[in-house]
Amino acid sequence: MKSLFDAVSFKCSKLVTKNYSTSFSLAVKMLSPSIRDAIYSIYGFVRFADEIVDSFHGYEKEYLIEDFEKEYYKAMQLGISLNPILNSFQQTVKEYNITDDLVQAFLKSMKMDLIKSNYQTQTEYIDYIYGSADVVGLMCLKVFVSGKEHKYEQLKDEAMRLGSAFQKVNFLRDLRDDNTILNRSYFPGVNLNNFNEEAKNEIIKEIEEDFRIAYQGIVKLPIEAKFGVYTAYVYYKKLLTKLKNTPYYEIGNSRIRVSNYTKAGLLAQSFVTYKLKLV
(Lines give C-alpha, C1' and ligand atoms only; values in the text may rest on other atoms or scores of the structure.)
Protein backbone atom coordinates (compact mmCIF):
# COMPACT_ATOMS: atom_id res chain seq x y z
CA MET A 1 0.00 0.00 0.00
CA LYS A 2 1.18 3.50 -0.82
CA SER A 3 0.32 4.68 2.70
CA LEU A 4 2.87 2.26 4.16
CA PHE A 5 5.55 3.49 1.78
CA ASP A 6 4.70 7.09 2.66
CA ALA A 7 5.01 6.31 6.36
CA VAL A 8 8.40 4.70 5.76
CA SER A 9 9.46 7.73 3.71
CA PHE A 10 8.71 10.15 6.54
CA LYS A 11 10.55 7.86 8.96
CA CYS A 12 13.57 8.04 6.66
CA SER A 13 13.44 11.83 6.79
CA LYS A 14 13.25 11.65 10.56
CA LEU A 15 16.26 9.32 10.62
CA VAL A 16 18.24 11.76 8.46
CA THR A 17 17.39 14.60 10.84
CA LYS A 18 18.32 12.59 13.92
CA ASN A 19 21.67 11.46 12.53
CA TYR A 20 22.78 14.73 10.95
CA SER A 21 21.65 17.22 13.61
CA THR A 22 20.95 16.35 17.23
CA SER A 23 20.13 20.00 17.97
CA PHE A 24 17.54 20.38 15.20
CA SER A 25 16.12 16.95 15.98
CA LEU A 26 15.63 18.00 19.60
CA ALA A 27 13.84 21.17 18.51
CA VAL A 28 11.53 19.23 16.18
CA LYS A 29 10.54 16.96 19.08
CA MET A 30 9.22 20.08 20.82
CA LEU A 31 6.80 20.76 17.96
CA SER A 32 3.28 19.42 17.91
CA PRO A 33 3.22 15.79 16.66
CA SER A 34 0.84 16.92 13.92
CA ILE A 35 3.58 18.88 12.11
CA ARG A 36 6.79 17.01 13.01
CA ASP A 37 6.81 14.75 9.94
CA ALA A 38 6.50 17.72 7.60
CA ILE A 39 9.47 19.49 9.22
CA TYR A 40 11.50 16.28 9.12
CA SER A 41 10.77 16.03 5.40
CA ILE A 42 11.97 19.59 4.77
CA TYR A 43 15.16 18.96 6.71
CA GLY A 44 15.79 15.71 4.84
CA PHE A 45 15.47 17.46 1.48
CA VAL A 46 17.74 20.38 2.30
CA ARG A 47 20.26 18.17 4.12
CA PHE A 48 20.68 15.80 1.17
CA ALA A 49 21.19 18.69 -1.25
CA ASP A 50 23.69 20.27 1.14
CA GLU A 51 25.56 16.99 1.55
CA ILE A 52 25.92 16.65 -2.22
CA VAL A 53 27.77 19.95 -2.55
CA ASP A 54 29.66 19.85 0.76
CA SER A 55 30.59 16.23 1.40
CA PHE A 56 30.50 14.03 -1.68
CA HIS A 57 34.10 14.69 -2.68
CA GLY A 58 35.39 12.46 -5.46
CA TYR A 59 31.96 12.18 -7.04
CA GLU A 60 30.34 14.17 -9.85
CA LYS A 61 28.63 16.74 -7.65
CA GLU A 62 27.22 18.73 -10.57
CA TYR A 63 25.55 15.63 -11.95
CA LEU A 64 24.27 14.56 -8.52
CA ILE A 65 22.62 17.89 -7.69
CA GLU A 66 21.07 18.16 -11.16
CA ASP A 67 19.76 14.60 -10.87
CA PHE A 68 18.44 15.32 -7.38
CA GLU A 69 16.52 18.30 -8.77
CA LYS A 70 15.17 16.32 -11.74
CA GLU A 71 14.02 13.50 -9.48
CA TYR A 72 12.26 16.01 -7.23
CA TYR A 73 10.25 17.46 -10.11
CA LYS A 74 9.49 13.99 -11.36
CA ALA A 75 8.15 13.18 -7.89
CA MET A 76 6.02 16.33 -7.97
CA GLN A 77 4.57 15.28 -11.31
CA LEU A 78 3.95 11.62 -10.45
CA GLY A 79 3.06 12.06 -6.78
CA ILE A 80 5.64 9.46 -5.77
CA SER A 81 9.38 8.86 -5.72
CA LEU A 82 11.35 5.73 -4.88
CA ASN A 83 13.74 8.11 -3.12
CA PRO A 84 11.95 8.26 0.27
CA ILE A 85 13.37 11.69 1.09
CA LEU A 86 11.91 13.14 -2.10
CA ASN A 87 8.70 11.18 -1.66
CA SER A 88 8.05 12.69 1.77
CA PHE A 89 9.13 16.19 0.74
CA GLN A 90 6.88 16.38 -2.32
CA GLN A 91 3.91 15.48 -0.15
CA THR A 92 4.76 18.26 2.30
CA VAL A 93 5.20 20.75 -0.55
CA LYS A 94 1.72 19.97 -1.85
CA GLU A 95 -0.03 19.76 1.50
CA TYR A 96 1.30 23.07 2.82
CA ASN A 97 1.42 25.05 -0.42
CA ILE A 98 5.20 25.53 -0.46
CA THR A 99 5.77 27.58 -3.60
CA ASP A 100 8.30 26.59 -6.21
CA ASP A 101 10.21 29.85 -5.98
CA LEU A 102 11.36 28.80 -2.50
CA VAL A 103 12.61 25.43 -3.72
CA GLN A 104 14.32 27.01 -6.72
CA ALA A 105 16.04 29.67 -4.60
CA PHE A 106 17.37 26.97 -2.29
CA LEU A 107 18.70 24.82 -5.11
CA LYS A 108 20.29 27.88 -6.73
CA SER A 109 22.32 28.59 -3.59
CA MET A 110 23.37 24.94 -3.35
CA LYS A 111 24.61 25.04 -6.93
CA MET A 112 26.51 28.24 -6.18
CA ASP A 113 28.63 26.29 -3.71
CA LEU A 114 29.97 24.28 -6.64
CA ILE A 115 31.23 27.27 -8.61
CA LYS A 116 31.73 30.14 -6.15
CA SER A 117 34.19 30.30 -3.25
CA ASN A 118 34.15 33.90 -2.08
CA TYR A 119 31.24 36.25 -1.48
CA GLN A 120 32.86 39.65 -1.83
CA THR A 121 29.86 41.98 -1.86
CA GLN A 122 26.94 42.44 0.50
CA THR A 123 24.52 41.71 -2.35
CA GLU A 124 26.14 38.32 -3.10
CA TYR A 125 26.16 37.50 0.60
CA ILE A 126 22.48 38.40 1.11
CA ASP A 127 21.40 36.50 -2.01
CA TYR A 128 23.22 33.37 -0.91
CA ILE A 129 21.78 33.47 2.60
CA TYR A 130 18.29 34.02 1.21
CA GLY A 131 18.54 30.85 -0.86
CA SER A 132 20.42 28.70 1.62
CA ALA A 133 18.63 29.67 4.83
CA ASP A 134 15.83 32.25 4.59
CA VAL A 135 13.74 30.13 2.25
CA VAL A 136 14.15 27.10 4.52
CA GLY A 137 12.66 29.20 7.30
CA LEU A 138 9.84 30.16 4.94
CA MET A 139 9.19 26.52 4.03
CA CYS A 140 8.91 25.67 7.72
CA LEU A 141 6.66 28.69 8.27
CA LYS A 142 4.29 27.35 5.61
CA VAL A 143 3.92 24.24 7.78
CA PHE A 144 3.61 26.19 11.02
CA VAL A 145 0.70 28.24 9.67
CA SER A 146 -0.89 25.25 7.88
CA GLY A 147 -0.40 26.89 4.50
CA LYS A 148 -2.60 29.89 5.41
CA GLU A 149 -1.36 32.71 3.19
CA HIS A 150 -2.46 35.66 5.34
CA LYS A 151 -0.68 34.30 8.43
CA TYR A 152 2.37 33.46 6.34
CA GLU A 153 2.61 37.02 5.04
CA GLN A 154 2.36 38.38 8.59
CA LEU A 155 5.32 36.33 9.81
CA LYS A 156 7.54 35.84 6.76
CA ASP A 157 9.98 38.70 7.47
CA GLU A 158 10.70 37.43 10.98
CA ALA A 159 11.02 33.85 9.72
CA MET A 160 13.62 34.97 7.20
CA ARG A 161 15.57 36.81 9.87
CA LEU A 162 15.60 33.68 12.03
CA GLY A 163 16.86 31.63 9.09
CA SER A 164 19.54 34.25 8.46
CA ALA A 165 20.60 34.24 12.12
CA PHE A 166 20.94 30.46 12.21
CA GLN A 167 22.96 30.42 8.99
CA LYS A 168 25.29 33.23 10.05
CA VAL A 169 25.96 31.51 13.39
CA ASN A 170 26.85 28.37 11.41
CA PHE A 171 29.15 30.40 9.14
CA LEU A 172 30.96 31.89 12.13
CA ARG A 173 31.23 28.56 13.93
CA ASP A 174 32.48 26.83 10.76
CA LEU A 175 34.82 29.60 9.66
CA ARG A 176 37.89 27.38 9.87
CA ASP A 177 36.42 24.36 8.07
CA ASP A 178 34.79 26.47 5.37
CA ASN A 179 38.14 28.12 4.63
CA THR A 180 40.55 25.21 5.00
CA ILE A 181 38.44 22.27 3.78
CA LEU A 182 35.89 23.77 1.38
CA ASN A 183 37.91 26.86 0.39
CA ARG A 184 34.89 29.10 0.96
CA SER A 185 34.49 32.51 2.55
CA TYR A 186 30.91 33.67 3.03
CA PHE A 187 31.38 36.89 5.02
CA PRO A 188 32.34 39.67 2.58
CA GLY A 189 35.96 40.67 3.04
CA VAL A 190 36.52 38.18 5.87
CA ASN A 191 38.67 35.04 5.81
CA LEU A 192 41.17 33.36 8.11
CA ASN A 193 43.95 35.64 6.90
CA ASN A 194 42.31 38.88 8.02
CA PHE A 195 39.89 37.66 10.69
CA ASN A 196 40.24 39.63 13.91
CA GLU A 197 38.26 40.65 16.99
CA GLU A 198 36.76 43.67 15.26
CA ALA A 199 35.53 41.59 12.32
CA LYS A 200 34.11 38.99 14.73
CA ASN A 201 32.23 41.63 16.72
CA GLU A 202 30.74 43.21 13.60
CA ILE A 203 29.40 39.82 12.50
CA ILE A 204 27.97 39.13 15.96
CA LYS A 205 26.28 42.54 16.07
CA GLU A 206 24.60 41.73 12.75
CA ILE A 207 23.41 38.34 14.02
CA GLU A 208 22.09 39.81 17.28
CA GLU A 209 19.91 42.19 15.28
CA ASP A 210 18.57 39.26 13.24
CA PHE A 211 17.70 37.44 16.47
CA ARG A 212 16.03 40.53 17.92
CA ILE A 213 13.66 40.85 14.98
CA ALA A 214 13.15 37.06 14.69
CA TYR A 215 11.96 36.86 18.30
CA GLN A 216 9.09 39.21 17.49
CA GLY A 217 7.81 36.55 15.09
CA ILE A 218 8.38 33.60 17.41
CA VAL A 219 5.95 34.99 20.01
CA LYS A 220 3.26 35.21 17.30
CA LEU A 221 3.62 31.62 16.08
CA PRO A 222 0.75 29.12 16.44
CA ILE A 223 0.85 27.02 19.61
CA GLU A 224 1.82 23.92 17.58
CA ALA A 225 5.13 25.50 16.56
CA LYS A 226 6.07 28.09 19.17
CA PHE A 227 7.90 25.92 21.73
CA GLY A 228 9.91 24.00 19.13
CA VAL A 229 11.04 27.16 17.33
CA TYR A 230 11.79 28.88 20.63
CA THR A 231 13.94 25.89 21.66
CA ALA A 232 16.01 26.21 18.48
CA TYR A 233 16.26 29.97 19.04
CA VAL A 234 17.57 29.49 22.60
CA TYR A 235 20.14 26.93 21.46
CA TYR A 236 21.51 29.16 18.70
CA LYS A 237 21.55 32.18 21.00
CA LYS A 238 23.66 30.16 23.43
CA LEU A 239 26.03 29.15 20.64
CA LEU A 240 26.31 32.78 19.59
CA THR A 241 27.14 33.76 23.19
CA LYS A 242 29.91 31.16 23.25
CA LEU A 243 31.29 32.52 19.99
CA LYS A 244 31.07 36.06 21.36
CA ASN A 245 33.08 35.06 24.42
CA THR A 246 35.66 33.13 22.41
CA PRO A 247 38.77 35.01 21.17
CA TYR A 248 38.77 35.40 17.40
CA TYR A 249 41.90 33.28 16.98
CA GLU A 250 40.27 30.31 18.69
CA ILE A 251 37.27 30.52 16.35
CA GLY A 252 39.75 30.40 13.47
CA ASN A 253 41.47 27.33 14.90
CA SER A 254 38.68 25.23 16.39
CA ARG A 255 34.97 24.47 16.12
CA ILE A 256 32.97 25.90 18.99
CA ARG A 257 30.18 23.63 20.29
CA VAL A 258 27.44 23.53 22.90
CA SER A 259 27.74 20.38 25.02
CA ASN A 260 24.90 17.88 25.33
CA TYR A 261 24.73 18.67 29.05
CA THR A 262 24.24 22.36 28.27
CA LYS A 263 21.64 21.53 25.63
CA ALA A 264 19.64 19.60 28.22
CA GLY A 265 19.79 22.57 30.56
CA LEU A 266 18.68 24.93 27.81
CA LEU A 267 15.73 22.66 27.03
CA ALA A 268 14.64 22.70 30.67
CA GLN A 269 15.04 26.47 30.82
CA SER A 270 13.04 26.90 27.60
CA PHE A 271 10.27 24.66 28.91
CA VAL A 272 9.89 26.66 32.12
CA THR A 273 9.91 29.95 30.21
CA TYR A 274 7.29 28.64 27.80
CA LYS A 275 5.05 27.21 30.52
CA LEU A 276 5.16 30.50 32.42
CA LYS A 277 3.96 32.15 29.20
CA LEU A 278 7.01 34.37 29.06
CA VAL A 279 7.30 33.79 25.32
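Reply: At the start of α5, a side-chain oxygen of Asn83 comes to within 2.9 Å of the backbone nitrogen of Ile85, where a polar contact is a pair of N or O atoms within 3.5 Å, one able to donate a hydrogen and the other to accept it, and residues adjacent in sequence count only if both atoms are side-chain atoms. The model is predicted, with local features needing pLDDT of at least 70 and side-chain atom pairs pLDDT 80 or more, while totals for chains, interfaces and linings use all residues. Residues are numbered from 1 along each chain as its sequence is written, and side-chain values use heavy atoms, leaving out hydrogens and water.

Helix α5 covers residues 84-95, twelve in number, and reaches 17 Å from its first C-alpha to its last, close to the expected 16 Å, that span being 1.5 Å times one less than the number of residues; helices are DSSP runs (H or I, at least four residues), numbered from the N terminus.

Its buried residues (under 20% relative accessible area, 1.4 Å probe, protein chains only) are Ile85, Leu86, Asn87, Ser88, Phe89, Gln90, Thr92 and Val93. These buried residues pack against α1, α3 (33-55), α4 (61-78), α6 (100-115) and α7 (122-144), contact meaning heavy atoms within 4.5 Å.

Just after α5, finally, Asn97 adopts a positive phi of about 55°.

How values were computed:
Helix = DSSP H or I, 4+ residues; strand = E, 2+ residues; numbered from the N terminus. Buried < 20%, exposed > 50% of the residue type's maximum accessible area, 1.4 Å probe, protein only.
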